[in-house]
Amino acid sequence: TGYMYLAPDTYSLALVPTGKGIEEALVGPLDLQLKPGDRYTVALMGQVEDASLKPLVIDETALLQASRTDPSQFSLTFINNVAGSTKIDFDKSGGGPGDVHYGDYVTTAVANGDGRVCTEFAIAIDDITVDSFPLDECNILEPGMDFIVAFMGHFPGDNFGDTQSGNTSELNALEFLNGFSGLGYEQDGVVFSFDSFLTAMEKAGLTDMLTTGGPYLMYVPNDDAFAALPKEQLDALMADPKALADVLRTTLFEGYYPQGNLSAGFSYGRFFDNNFNLTLKNLLGNEVALLSIKGQLSINGIHEGDVQRYQVANGSFVRAIPTLIFPPSQ
């Protein structure tokens, strides 16, 4: 599921089969005290047929603070809920979590381009490789990304599978966007480089909103979007803080929009909302038409491609777009 954004407090949580009442809870209710700024995952561990179910509560923020040595590292938390297994090793080359025992989890933080994750990817259960493929190059990943992968089912045999969390980062929006500078990351033909956007935010006096404001839903134009403007128009825009601020606010929306929330009843994918057709008010107070069909996004009728969106600190969501969207006044 997606993350919920909740005020710090103590909450009563139960895991209940879809459509069932609290009296049929598989686990709980249990009291969870949520700390300010921390992110949590609750996993249902054990096997239904064995009546061995129990909750696994992970304070992700505390876990990452203990495992990371640099905020730009990506982290992988691996949960083993494969009955019959003793341990799972996630990456044959040693770049991922290893020796993950049944009912437990392990977190590993890895630097972008780490050679250990470039030679061969493999998952082994009790030293038997169950999934493997060679890697031709070191895959560059988004800065400061956090993933949770849970393996579940039964072993030996092939009755097991996995599920993965959405794209999440402990970095704030400014740190996250800054982390792509010079990285060379690209997705669906969209280059993730935002130096022009960050410079524009500074010139417009809006930088603080990326670190202290929010949460926001942010459609962020990349460097190519700014470079596509004629030089005279771009120079004039960058020299006009008011006009610049209006352009930037056109694709920024205040509020928390977790995974699936935009879909308004439509189906959505694991990593981003697949289908929605709605209108939101931007930070200028103007209505903006957002349409997404199978991940293909358009804003006010302008096609913006198929890229993932990312949850960053404070519940904001960031999605790169390759076009500058101007307000009606411009």
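In the predicted model, residues 24 or more positions apart make up 59% of the chain's contacts with a separation of 6 or more. The secondary structure consists of seven helices and 23 strands. Of the 330 residues, 47% count as buried.

In soluble globular proteins, nonpolar side chains tend to be buried together. In the present chain, the largest nonpolar core contains 54 residues, and Phe 192, Phe 197 and Leu 248 have the most contacts inside it. Helix H7 contributes five residues, the largest share of this core.

With residues up to four places away in sequence left out, Phe 197 touches Leu 177, Leu 210, Val 220, Pro 221, Asp 223, Phe 226 and Leu 248. Leu 248, one of these partners, is also listed with Phe 197 among the residues with the most contacts inside the largest core.

Ala 239 lies in the loop that runs between helix H6 (231-238) and helix H7 (241-250). Ala 239 is classed as exposed because its relative accessibility is 62%, and the class requires a value over 50%. Between the C-alpha atoms of Ala 239 and Ala 200 the separation is 9.5 Å, with the two residues 39 residues apart along the chain.

How values were computed: Residues numbered from 1 in each chain as written. Predicted model: local features only at pLDDT ≥ 70, side-chain atom pairs only at ≥ 80, totals over all residues. Heavy atoms only, no water. Helix = DSSP H or I, 4+ residues; strand = E, 2+ residues; numbered from the N terminus. Buried < 20%, exposed > 50% of the residue type's maximum accessible area, 1.4 Å probe, protein only. Contact = heavy atoms within 4.5 Å. Core = buried A, V, L, I, M, F, W, Y, C linked by side-chain atoms within 4.5 Å.
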